[in-house]
Each structure stands twice: as structure tokens, then as C-alpha cells.
Amino acid sequence: MPSKTARPAYFPTLAAERPDIALCRASAYLARAADAHAGLHGLGVGQHLVLKMLDAVGPCSQQVLAEELRIDRSVMVNVCDDLERSGFVRRDRNPDDRRSYAVTITGEGRERLAEAERTVPSYLDEILAPLTPDERARLATLVGKLLEF
């Protein structure tokens, strides 16, 4: 009768040697979870982030949104197209630069954002449950340092 071999627990060793790989895997895991959470509210993660930024800072060009949210410019066009079709944003010619558009959140967009935002604290508690509040704060600081902000 063949013996069953134990499954090696290699990933912790790999993660210790290659924090870049560990961060990539953690990022993929968190991205899937964030997509699923945002989808519950009829939004993609990028759409949620655009609405959140517009609500916080006011009208912006697509270029500024893409740069600030670290979303590829070509992807940002589709995000804004989808938000505009849904009635969550409107795009008007930028009065300061007629070559660009100012993207503005609508009342309906604010309502959808508020609905989605109400569930974020419980979602974060669930997804980051293995970390203490202090560890979460340190993680946010370290990730910010890696992303230079």
C-alpha cells in the first residue's frame, strides 16, 4: 500500500525569502475580495474608488483620477463610461482646459457610494481579521511607504 506523503508547507518559507511574491499573492487575494464586495453594490472596485474620490475632492479630470487612484488611463476611460451610463457621474468640458473633461459625481452617484460605504467597515474587519488594529495601522503605513505617499 503506497504511503501518503505529507503536503509541504512551503509558502511561509517562500514568503519570508521573497516578500515581493508574498505581497503579490496578498494583493491578488485582497483584489478578489474587494471585487466581490464592490459587486454586491453593483459597482466595480475602480468605480467605487472614483465615486469616493469625486465625493471627497470634487470634479476632476480622468487623468487626475487615473494618477491618484493608480488606475491605468485606458481602464479609467471605461470606468468613467460605465459610471456615466449608470447616471453616477457626468462629464463636462473642463472650463480651464477645453481639451479635457471634468468628471463630477451626481446625486445618484452619492447615494450609491453611501450605500457601498456603509458596509466597508464590516468588510475590512472580516478580510483583515488576522491582524490586530495596531498591525493594520502598521500595514497601511508600510504599504504607503512602498507606494511613496
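Student: Why does Cys60 count as buried?
Tutor: Buried means under 20% relative accessible area, exposed over 50%, and partly exposed in between (1.4 Å probe, protein chains only). Cys60 has 10% relative accessibility, so Cys60 counts as buried. Note that this is a predicted model: local features need pLDDT of at least 70, side-chain atom pairs count only at pLDDT 80 or more, and totals for chains, interfaces and linings use all residues. Residues are numbered from 1 along each chain as its sequence is written, and side-chain values use heavy atoms, with hydrogens and water left out.

Student: What makes Cys24 partly exposed?
Tutor: Its relative accessible area is 45%.

Student: Why is α3 called roughly perpendicular to α6?
Tutor: Helices are DSSP runs (H or I, at least four residues), numbered from the N terminus. Axes are lines fitted to C-alpha atoms over the stretch in contact, and angles run from 0 to 180 degrees between N-to-C directions. α3 and α6 pack at about 110°, with axes 10 Å apart. Angles under 35 degrees count as roughly parallel, over 145 as roughly antiparallel, 65 to 115 as roughly perpendicular and the rest as oblique. So α3 is roughly perpendicular to α6.

Student: Which residues of α3 make the contact?
Tutor: His48, Leu51, Lys52 and Asp55, with heavy atoms within 4.5 Å of α6.

Note on methods
Helices (H or I, at least four residues) and strands (E, at least two) are DSSP runs, numbered from the N terminus.
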